[in-house]
Amino acid sequence: LYFHGGGYFSCGLDTHRPVVASISRRAQARVLSVDYRLAPEHPCPAAVDDALAWYRDVLSDTPADQIVIAGDSAGGGLVMACLQAALQQGLPMPAGAVLFSPWVDLASTGESINTQAHTDVMFNPENLVDAAQFYLAGRSATDPVASPLYGDMAGLPPLLIFASQSEILLSDATRLHDKALAAGVSSQLVLQPNMPHVWPIMVMLPEAKVSLRQVAAFMRERVPGL
């Protein structure tokens with residue numbers, strides 16, 4: 001189950017078709033890519049509601065231990081928000097979750113927002129503030145529904161997190177990893193130097209191919225019979 005990135009206000013099924021197809025091919029798995037509602041017309045929690053509805057739908061005919069949820073950037077944050085909401089509603093957890101450069105703190109409190117501002121080739125801090133305002137629409141930036149870094153990690157499935165050491169969202173990934181481990185969640189953090197934000201979705205890059213092989217291996221390890 002894949003949730004695309006795009007700051008909660010852009011991108012869609014077409015923009016992320018290459019990475020979805022690559023994951024499907026490498027893992028020999030069916031992939032459902034979700035076209036959730038976008039801000040500013042549909043602010044938080046519309047995306048989370050849609051993600052949870054899709055997860056419920058998949059659970060209706062697929063055992064939880066046969067499901068892996070993945071997403072990039074805002075889609076990675078949406079993965080975490082969906083999992084936390086699913087836990088609160090008593091739904092079974094999937095076999096694992098894969099996060100590419102997850103955006104999990106819309107309050108932008110991570111130190112890399114400033115320390116990596118001159119090395120990130122895709123974003124600057126102002127970009128994040130603008131996108132967050134579109135999505136939050138007055139909601140607190142530390143509300144776990146929008147910023148799952150502030151939510152409860154206990155009971156989550158194993159995580160595989162990717163982040164570039166050069167991106168401003170590096171601290172989102174490292175803090176998520178640390179908080180998950182502190183809550184007893186299995187979490188693997190893959191850091192890559194000198195790469196752009198969400199490089200694994202840029203499927204023609206040699207580094208992306210390596211990362212997607214890691215994703216396929218993670219899925220095979222977690223899902224019986226894959």
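**Exercise 1. How many residues has α3, and how far does α3 reach from its first C-alpha to its last?**

*Solution.* The model is a predicted one, in which local features need pLDDT of at least 70 and side-chain atom pairs count only at pLDDT 80 or more, while totals for chains, interfaces and linings use all residues. Residues are numbered from 1 along each chain as its sequence is written, and side-chain values use heavy atoms, with hydrogens and water left out.

Step 1. Helices (H or I, at least four residues) and strands (E, at least two) are DSSP runs, numbered from the N terminus.

Step 2. α3 has 15 residues and reaches 21 Å, close to the 21 Å expected at 1.5 Å a residue; the expected span is 1.5 Å times one less than the number of residues.

Step 3. Of the 15 residues of α3, 13 are buried, and the helix is mostly covered. Buried means under 20% relative accessible area, exposed over 50%, and partly exposed in between (1.4 Å probe, protein chains only).

Step 4. After α3 comes G90, with a positive phi near 80°.

**Exercise 2. Determine the strand order of the sheet and the helices that pack on it.**

*Solution.* Step 1. The sheet is open, with six strands in the order β2-β1-β3-β4-β5-β6 and parallel pairing. Two strands pair if DSSP finds at least two bridges between them.

Step 2. β2 (33-34) and β6 (187-192) are the edge strands, each pairing on one side only.

Step 3. Five bridges join β3 (residues 68-72) to β4 (residues 96-100) in the parallel sense; I69 has A97 in β4 as its bridge partner.

Step 4. Helix α3 (residues 74-88) packs on the sheet and touches β1 (2-3), β3, β4 and β5 (159-164), its direction making about 145° with that of β3. Helix α7 (residues 206-222) also packs on the sheet, where it touches β3, β4, β5 and β6, at about 170° to the direction of β5. Contact means heavy atoms within 4.5 Å; axes are lines fitted to C-alpha atoms, for helices over the stretch in contact, and angles run from 0 to 180 degrees between N-to-C directions.

**Exercise 3. Which residues of α5 are buried, and why do they lie on the same side of the helix?**

*Solution.* Step 1. Helix α5 (residues 125-136) has twelve residues and spans 16 Å between its first and last C-alpha, close to the 16 Å expected.

Step 2. The buried residues are P125, L128, A131, A132, Y135 and L136. They lie on the same side of α5 because they cover an arc of only 130° around the axis, the arc being that of the directions from the helix axis to the C-beta atoms.

Step 3. The face turned away from this buried side carries the exposed residues E126 and Q133. The cover over the buried residues includes α2 (46-59) and α4 (112-115).

Step 4. At the N-terminal end, N124 caps α5, with a side-chain oxygen 3.0 Å from the backbone nitrogen of E126. α5 is followed by A137, which has a positive phi near 50°.

**Exercise 4. Is F134 buried, exposed or partly exposed, and what does F134 touch?**

*Solution.* Step 1. F134 lies in α5 and counts as partly exposed because its relative accessibility is 40%.

Step 2. Residues up to four places away in sequence apart, F134 touches F9, A39, P40 and P43.

Key. Polar contact = N/O pair within 3.5 Å; in protein donor to acceptor, adjacent residues only side chain to side chain.
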